[in-house]
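Dear colleague,

I am passing on the structure we spoke about, with some notes to read beside it. Please have the sequence and the coordinates open as you go through them.

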Amino acid sequence: MSRIIDDLKERIEKKERFFSFEYFPPKTDEGVRNLLERQRRMAQLNPAFCDITWGAGGSTADVTLGVASSMQNEVGMNTMMHLTCTNMSVEKLKDSLEQAKQLGIRNILALRGDPPQGQDKFVAAEGGFSCALDLVRYIRAQYGDYFGICVSGYPEAHPDTIVADPAQMEANYRADLAYLKAKVDAGADFIITQLFYDVDAFLAFRRDCLDLGITVPILPGLMPVLTYGGFKRMTAFCKTRVPAHVAATVEALKDNDEALKAYGVSLGTLMAQRLLDAGAPGIHVYTLNLERSAVAILQNAGLVPAPEAEEAAALAATA
């Protein structure tokens, strides 16, 4: 498998729109098996790449490495593995990178990571790194261009820096942009954004990145609304701005699971279409290890064929 950035550059040059999927490591063996079967189906849609998250402090390291290996070497997806600094010494980080290399994984999403469970603030591990910038620099220093490196971008600024005071918030946002520029200057190849539901916020963020000289690809991260509880937890955790009309609709449908999922597909479709029309090169879908809503959004946005289109093409081929 190749570095993802090399493939993305080719697709962007050809103006070929693309999509990608994110998964997280299941907690049980049965969950891992179920996810593998789902990935086999989703791989048939030809995503540009897929990525797998990393537990705090390597708490799911073995599962992450196992799923990443299966994704790449069995399913055949070009795979990117998350790697965080949480509770990770430099020795542990090097070991994880060496294991990834042995598995043929050439793509890393370099993250600081969240505080360990039960803690409010991130604290660097003894002998470890304090931020994603340190990790990007380390990977480039130790491995040159072997790994393609992705980093996170935050259209509304990193959650740790989001405050109520408008003047301070503007200063924090600008500082966050400068930090993103430092990550790119240190060797990051492309950016995937935190989830958002305000497309205008993403478009403003992209303009601000360009103004600052950030020219690497920026992929918008789209998380479908699936359940009321999940939506409320994720938006609260990430301090995501939720437009009033979205919040009102989610509240109105909170007791109707199927209607809420249908709304999530409709909202995701509109967001994807607007992002693509505005020049986003592709869409990165946070699947939450589920299939139907993610695929429906991509079908509606024209990024993958709808089932009836595939059937019609098959019939035409045999006519």
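Predicted model: local features only at pLDDT ≥ 70, side-chain atom pairs only at ≥ 80, totals over all residues.

The arginine is Arg 140, which is found in helix 5, the helix formed by residues 132-143. With a relative accessible area of 14%, Arg 140 falls under the 20% cut-off, and it therefore counts as buried. Its side chain takes part in a polar contact of 2.9 Å with the side chain of Asp 189, and a polar atom of the Arg 140 side chain also lies 2.8 Å from the backbone oxygen of Phe 147. If neighbours within four places in sequence are left aside, the residues in contact with Arg 140 include Arg 3, Asp 145, Gly 148, Ile 149, Ala 186 and Gly 187, as well as Phe 147 and Asp 189.

Helix 5 also packs against helix 4 (residues 90-102), at an angle of about 55 degrees and with the two axes 12 Å apart. On the helix 4 side, Val 90, Leu 93, Lys 94, Leu 97, Glu 98 and Lys 101 meet Leu 135, Tyr 138, Ile 139, Gln 142 and Tyr 143 of helix 5. The residues of this contact divide into seven nonpolar, three charged and one polar.

Terms used. Residues numbered from 1 in each chain as written. Heavy atoms only, no water. Helix = DSSP H or I, 4+ residues; strand = E, 2+ residues; numbered from the N terminus. Buried < 20%, exposed > 50% of the residue type's maximum accessible area, 1.4 Å probe, protein only. Polar contact = N/O pair within 3.5 Å; in protein donor to acceptor, adjacent residues only side chain to side chain. Contact = heavy atoms within 4.5 Å. Axes fitted to C-alpha atoms, helices over the stretch in contact; angles between N-to-C directions. Nonpolar A, V, L, I, M, F, W, Y, C, P; charged D, E, K, R; others polar.
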